[in-house]
Amino acid sequence: MARKKQRFSLQRPVKNAATSSSGKAKSKGLFQYVPHLKHVAIMLAAMTLALTLIDYQFKVILKDELQNDALAGFMGTFYGVTGLLALAVQFFVAGKVLTKFGVMTALLVFPVVLLAGSIGVLALPVLAMVVLVKGSDKVVGDTINSSVNQLIMLPVPPKWRSQAKGFLDGTARNGAKGAAAIALIFLSPQLTAQQLGYIIVGLLVISIGSAIMLRGAYVETLISTLESSERRFDGMELDFIHPASMKLLLSALTGADQRQALYALCTLHELEGFDLEPYLPGLLHHRAQEVVISTLDIIASTKPANMENELYALMDHGDTDISAHALMALAAYGNERHLELITGQLESKHLAMKTAAIAGLIKYYGIEGMFRAVSVLKPLLDSRYVAERAAVAELFGLIGIREFHKPLIPLLQDDSPQVLHQAIRSAGQLRAPELIPYVVPLLQRGEVRKDAIETLASGKPEQAVALLEPYFHQEQPLLHLPKVFERMAAAPAFDKLLSLYGGSCIEMRNAMTESLVRLQRHVHANHKYNSIVEGLIILELNLYWGLGKHTEGLLSVSGYEEITELVIQHRKETVRRIFHLLSLIHDAATIRAVYANWSGGDARKQANAMELIDQLVRGQLRLHMVKLMNDGDPRLRVARTAEQIAGQLRWLETLGDRWLNRLIAYAADRLASDGLQALMKQIDILRSYSLFQKLSSRDLSILAEKLEIFEVSAGEYIFRETDEVNMLFLVAEGRVGIYHEGVRLAERQPGEAFGQLGLLVHHNHTADALAETNTVLWRLDSETFYEVMFDRSDIAIEMMRQLSARLRKVLARQHTTGQHTISESQIPELQTATAIESGSDMLGVVTEEDDSLLRRILILRKVEIFAYLAEDDIVRLAQMVDEVRYEAGEDICLEGDYGDTLYGIIEGSVTVHVGGATLASLGEGDCFGEMAIIDSAPRSANCTAATATVLLQLQRDQVFSLCFQNIDVLRSMIRLLEERLKGMAA
C-alpha cells in the first residue's frame, strides 16, 4: 500500500476548503471557536436528564392517583390547558421577558421554575405538585426556554453554527436521553418517584450553574461578533438583543470611529423594535461624511418626526454632497411647505443640489413635482458636458422609480465612460427588464464591464438567468456573459450554464468552463450533476477526436500551416475544458494538479497523473480519459488526396470559428482579399518578435486589426530620447535608424519592429528613432494594447508568463553565478510585501474566528499585484479565499512542484529553503507564492511550516476572475513584473 501511495504522488496537493475546516476544527476544537458551547452542552444535557426523570415521576404518581377513564380525561384536560397557557405565554410574556431582562436572565427562568417545583415535590409528593412541575415544562419550556436556546447560538458565525447545533442536538441531547434511559432501567426498581426528586434537584442545580457560567462566555462571543464589521445575523429577524451587546453598539454608534459608527448604524437601523430616532440629530453632526450621508439616507427612508429643521440647516453645509442628501431627505417628507424651497434649488449653481432637487420633486411630489423638474431635466439630458450627463444618469437611480426608465436609455448609449458608469449603476437600482438590452452590449467595453456585470447579476437569480438566456444564442458571442452568471453565485446560474454548454460555440465554452469552476464553490454539489457533466465531457472528447482526425495530413499541403496551428490550439483548449469539467465532479485541487503534471510535467509525473485518473474516474468515462491521456499528436504530414483535404476543411468550417473559416478561405485563394493579405502580413511581422511568438494567429489578428497607419517623412524623428512614447512600431515601408547621442546603433527595415517595451510599461526611451527615408509605419499604442489584453485574457496571461519567465531566468542565473545577493523580494516563491503599519497593528487584535474577513483583507492589501483593487473587490477576494492549517514540519510546497497558489500567513511561521540553505523565515502577515498566480511555473523553493501555521490560500483562477474585470489591476500586475525585471537587470 505504501508503494502504491508513493506512485500516485504528483506533488504536495493544495489543501481544499473542506480539508482546511476539518483540520482546523480537529486541531483547535469546536469549543475554541464557540467559547460558550461547552456550558450550553452541560446545561442541555443536565436539563434533558432532569426532564426525562420528571416525565417518569409525573407518570408514576399520576398512575397511582388516577385510573382508566379518570386518567384519560385528566390527560386530555392537562394537555389542553397547558397548550392554551403556552400560547398565551408565547404571545404576551416571552417577548417582554426577553426584551426587559435579556437572554441570560431569561435562560434561568425555566430551570429555576423546575427547581422550585421539584423541591416542592420532595416536600409534598402529591398530584398537584407534580402537575405543576410537568406543566411548567409545557408552558415555560416550549416558549421562553425554546426561544432562548435559539438565541444563544446567534453570535456563532454561520460556518460554525451548524456544527455547534449538530453537536448539541446529536451528541449532547441524544446522549443525555440515552443516559436517562439507562439510569431509569437501573434506578426505577430501587428508588421511589419521590426519591428520584433528589437526583432531579441535583441535575437542575448543575443546569443553573452552567447557565450562570455561560453568561460570560456568551457575552464574549457576542461582542467579538459585533466588533467584526463583516458579521451579519444571516437574515434572522430580532426584536431584542442582549444588554451588553446593545451597550457596545450604542458606544460604537456615538463614537468617533467611522467604520464602527457605520456598522452600528446599519445594524441598529435593521434591528426590529429599536428606536434610532433619538440618535439621529447627533449622527448628523458626526465628523465623518459617510456617517452623515448614511444617516440622511435613513431619514429619507423612515421620515422621523421633528427632523425637518435639522435638514434645513444641513442644506447650507459646506460639503455639497451632504447638502444634496439633506435636500433629498427633506423632499422625502413630501410636505407642501417645502415645495418652493426645493424648487428654488433647481437654479443652484451646484450640480449636485440641482440634481437632488430634480430627483426629490419627481420622486416625492407627483405630477406637480415632475412638471416643475422636467424643464431643467431635459437640457441636462442633452448637455454637451460630461459631468452634467453623468449627474443626470445618477439621478435616475436616486429617483428609483422603475417605470421612469426610458430617459436612461440614451445615457446607456453615451460615449463617455463616466456617464456609462453612472447610467449602468442606476439601471441596477431600477432593475427594469427593459434596460437589459442596453446593458448587455456594454459587457464588451472594458472600462465599464465591471459595472455591467454587477447590474446584470443583481436581482433574483432565477429571473436574471431567464432574462439573459437569449443572449447566449446570438451570432456574435458575448464572451463575458458567463461572468455575469458567475457573479450571481447561485445554483440557477450554475444549472443554466450547464444546460447551455452543449449548444455553445468553442470560445463561449472556454468562458463557460472557467465560470462553472468558480461557481462550483457557491453550489452544493450533488450527484444530479454527475451524469450531466459526464455527458458534456463525452461531448468534448468527441470534439477532440474529431479535431485530431480532421487535422491529419494538413501540413502535407503548402499554405495550411496557420489552419493546422489553430486546430492544434483548439485541441489543447478542448483538453483544458475536459479537465475543468472533470473538476466539477471530483476534487478540484486534485484535478488541477493532474492536468498540470500531465500537460507540463516530466515522464514520471505524467505517468503518475494518468494512474491517478485511472483510479479516480469510474465507468465508461474512465476508458475515455485513459485513451485521451495516452493519445499522441495527430499525423500532420500523412498523405491525403485533395478530396480528403476538402472534406476535412468542410468539417472544420462547421465548428463556427469565424477566424478559422477566414483562414480556410485565405488558404483556398490568397488573392481573394487584399485586406486579409495585409492582415496576414502584419501577423507575420508581429510573430517575428519574441514578445508575441507564442500567441495564436487568432490573438495576433486581433492585435493586427488595432494597428494604425502612420507616415513619416525622411529626416523626421518618430520619437526622441527621453520622450515618453508608449507605442509599438512596425515598419511597412522605408527605413528607420536608431541613434543614441548621434551614434547610429541599428536600423529597422520593412518587416521589423521597435518600441515594444512601451506597450507594457510607461517609460522614457533611451534612443532616438529617425526616419531615414519616407517611411510608412503601423503603430499600436499602450492603451489599445491593454484594452485588447483586458478583452482577451489569454493574451494578457501570455504576456505575464513571458515576463515571469525572464524574471525567473535572471534569478536562476544570479543564484548560480553568485553575482548578486538574492533578497526576499526577488525570490519568486517569496514575494513578501512591505507590511502596512496600521494593518500590522490591527492584525494583532483581530479575533481568531475562522471566517474573519478582516485579517484576510489586511494580508491581501499587502500583496503588490492587488494594489489597484477597489475596497469592495478586496473584500470579495477575501471572501473567496480559504484558510488551511499545516502542522510544524509539514511541507506547504516543494521545489519543482506545480504551483498556482499564493499563500498569506495568518498564524505561525514558514521557512523558505533550497536544499539545506535557508533563504528566509516568514511570519504573520507575510505572503509567498505570488508568481505562481501569474505563470503556474514549478516552485523555485521549498516552503515548510516552522510552527503550527494557518495560511490564507488564494488560487490563480480566483484572482483572474476579479482582475480581468479591472484594467488597472491588469496594468499593475504586468508593470510589477517589468519593474522587478528592470531592477534586477540594473
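R720 lies over the face of Y717, at 3.9 Å from the ring centre. A charge sits over a ring if NZ of Lys or CZ of Arg is within 6 Å of the ring centre and within 35 degrees of the ring normal.

The model is predicted: local features need pLDDT of at least 70, side-chain atom pairs count only at pLDDT 80 or more, and totals for chains, interfaces and linings use all residues. Residues are numbered from 1 along each chain as its sequence is written, and side-chain values use heavy atoms, with hydrogens and water left out.

**Aromatic pairs**

A pair of aromatic rings is described by the distance of the centres and the angle of the planes. The structure holds 13 aromatic pairs. Rings of Phe, Tyr and Trp (its six-membered ring) pair if their centres lie within 6.5 Å; planes under 30 degrees apart count as stacked, over 60 as edge-to-face and the rest as tilted. Two of the pairs are listed here.

| Pair | Centre to centre | Angle between planes | Class |
|---|---|---|---|
| F710 and F729 | 6.3 Å | 40° | tilted |
| F719 and F729 | 5.9 Å | 40° | tilted |

F710 lies in strand 1 (residues 708-712) and F729 in strand 3 (residues 727-733), so their pair ties together parts that are 19 residues apart in sequence. F719, in strand 2 (residues 717-719), is 10 residues apart from F729, and this pair also links distant parts of the chain. Helices (H or I, at least four residues) and strands (E, at least two) are DSSP runs, numbered from the N terminus.

F729 is buried at 1% relative accessibility, and F719 is buried at 7%. Buried means under 20% relative accessible area, exposed over 50%, and partly exposed in between (1.4 Å probe, protein chains only). Ring pairs link F710, F719, F729 and F754 into a cluster.

**Two helices in contact**

The axes of helix 34 (residues 658-668) and helix 36 (residues 697-705) come within 10 Å and cross at roughly 90°. Axes are lines fitted to C-alpha atoms, for helices over the stretch in contact, and angles run from 0 to 180 degrees between N-to-C directions. The two helices are therefore roughly perpendicular to each other, a term for angles of 65 to 115 degrees.

On the side of helix 34, W659, R662 and L663 meet S697, R698, S701 and E705 of helix 36. Contact means heavy atoms within 4.5 Å. The residues of this contact divide into two nonpolar, two polar and three charged. Ala, Val, Leu, Ile, Met, Phe, Trp, Tyr, Cys and Pro count as nonpolar, Asp, Glu, Lys and Arg as charged, and the others, Gly among them, as polar.

**Positive phi and a buried threonine**

Most residues other than glycine have a negative phi. R431 has a positive phi of about 50° although it is not a glycine; R431 is placed in the loop between helix 21 (417-430) and helix 22 (436-439). E741, also not a glycine, has a positive phi near 50°. E741 lies in the loop between strand 4 (736-740) and strand 5 (743-748) and counts as exposed at 68% relative accessibility.

T355 lies in helix 17 (residues 351-364) and is buried, with a relative accessible area of 8%. T355 touches A391 and L395, not counting residues up to four places away in sequence.

Key. Angles under 35 degrees count as roughly parallel, over 145 as roughly antiparallel, 65 to 115 as roughly perpendicular and the rest as oblique.
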